[in-house]
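Below are some notes on the model you asked about.

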Amino acid sequence: MLVPLIKGFATFVPGLNRLLQGRTGGTGSARYCYSIWMRHLVMAHESGLPTRPDVVAELGPGKSLGVGCAALLSGANRYLALDVRQHASNQRNLDVFEELVGLFIRREAIPDQTEFPGAKPLLESYEFPAHILTDERLEQALDEDRIASLRRSLSSPGSGREPDSHIAYISPWYESDIIEDSSVDSVFSQAVLEHVGDLSGTYKALRSWLKPGGVMSHEIDFKSHRTARKWNGHWTYSDLLWKLVVGRRSYLLNREPHSVH
């Protein structure tokens, strides 16, 4: 309990709050981004849901826009990345993108728990999902002219108001009207919704963006994120203690249980 409290108090020291804001996940790795998108895609297929979204939106992309780029390289036409603060840089995005192109061209197997032990959801098979991403589909998605167009969009992402841009990076986002109602086929997030303060408002916004028949896919991490010794120890703190642990950080954990989601 002492270390989390010290970190919380340290956020009141000028200059330390940003440093202690927290990690943004593993999206700096192309193989991680590839693994995460493929898991969401395979799970949608196994659930009998659509797997060819035209427009996808991601909440909390983190260090890069790599997971959304994987969606584009699977055939999606437009990707909307929403975050409370920009963590991704154009150069990192481009580096991840180029590696992702190679992974798709080679039809690489999905990186499994050996490479990314904490990644979820778990799959029964980590073979390349050729039954979803057929040769015909990938031939269109990986066309050289299309790759060049995606690369140009990634070099200069739009702000969400440019209908011709493949990619929009919207940060910060707080209002649901930044995306047109019923305009998105798939909304996803990876270990993000446990950090969101206004869950009700966020879910309302996500739902408003989805087209009829659209899909939401969220992986939510309920662990304590190093704020306690036990995985669920953060739920044992009183509201006052938790307020001290959070300090001045704009987000840490919302401590909401599975039933709330």
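How many bridges join E1 to strand E2, and do the two run parallel or antiparallel?

1. Five bridges join E1 to E2 (residues 78-82), and the two strands run parallel. This is a predicted model. Within the pairing, Arg-78 of E2 lies opposite Val-55. E1, helix H4 (residues 66-73) and E2 form a β-α-β unit that is right-handed.

2. E1 also pairs with strand E4 (residues 184-190), again in parallel, through four bridges. Here Ala-57 has Val-187 of E4 as its bridge partner.

3. Strand E1 (residues 55-59) is largely enclosed by the rest of the structure, because five of its five residues are buried. Side chains in a regular strand alternate between the two faces of the sheet. In E1, Val-55, Ala-57 and Leu-59 point one way, while Val-56 and Glu-58 point the other way; all are buried.

4. The largest nonpolar core has 44 residues, and those touching the most other members are Trp-37, Met-38, Leu-65, Leu-73, Phe-97, Leu-100 and Phe-104. At least two residues each come from helix H3 (30-46), H4, E2, helix H5 (90-105), helix H7 (144-155) and strand E3 (167-170). H3 gives the most, with nine residues.

5. Leaving aside residues up to four places away in sequence, Phe-104 touches Tyr-34, Met-38, Ala-70, Leu-73, Ser-74, Leu-133, Leu-138 and Leu-142.

6. There is a second, separate core of 23 residues, including Ala-57, Ala-168, Ala-205 and Trp-209.

Terms used:
Residues are numbered from 1 along each chain as its sequence is written. This is a predicted model: local features need pLDDT of at least 70, side-chain atom pairs count only at pLDDT 80 or more; totals for chains, interfaces and linings use all residues. Side-chain values use heavy atoms; hydrogens and water are left out. Buried means under 20% relative accessible area, exposed over 50%, partly exposed in between (1.4 Å probe, protein chains only). Two strands pair if DSSP finds at least two bridges between them. A crossover is right-handed if, with the strands pointing away from the viewer, the path from the first strand over the helix to the second runs clockwise. A nonpolar core is a set of buried Ala, Val, Leu, Ile, Met, Phe, Trp, Tyr and Cys residues joined through side-chain atoms within 4.5 Å. Contact means heavy atoms within 4.5 Å.
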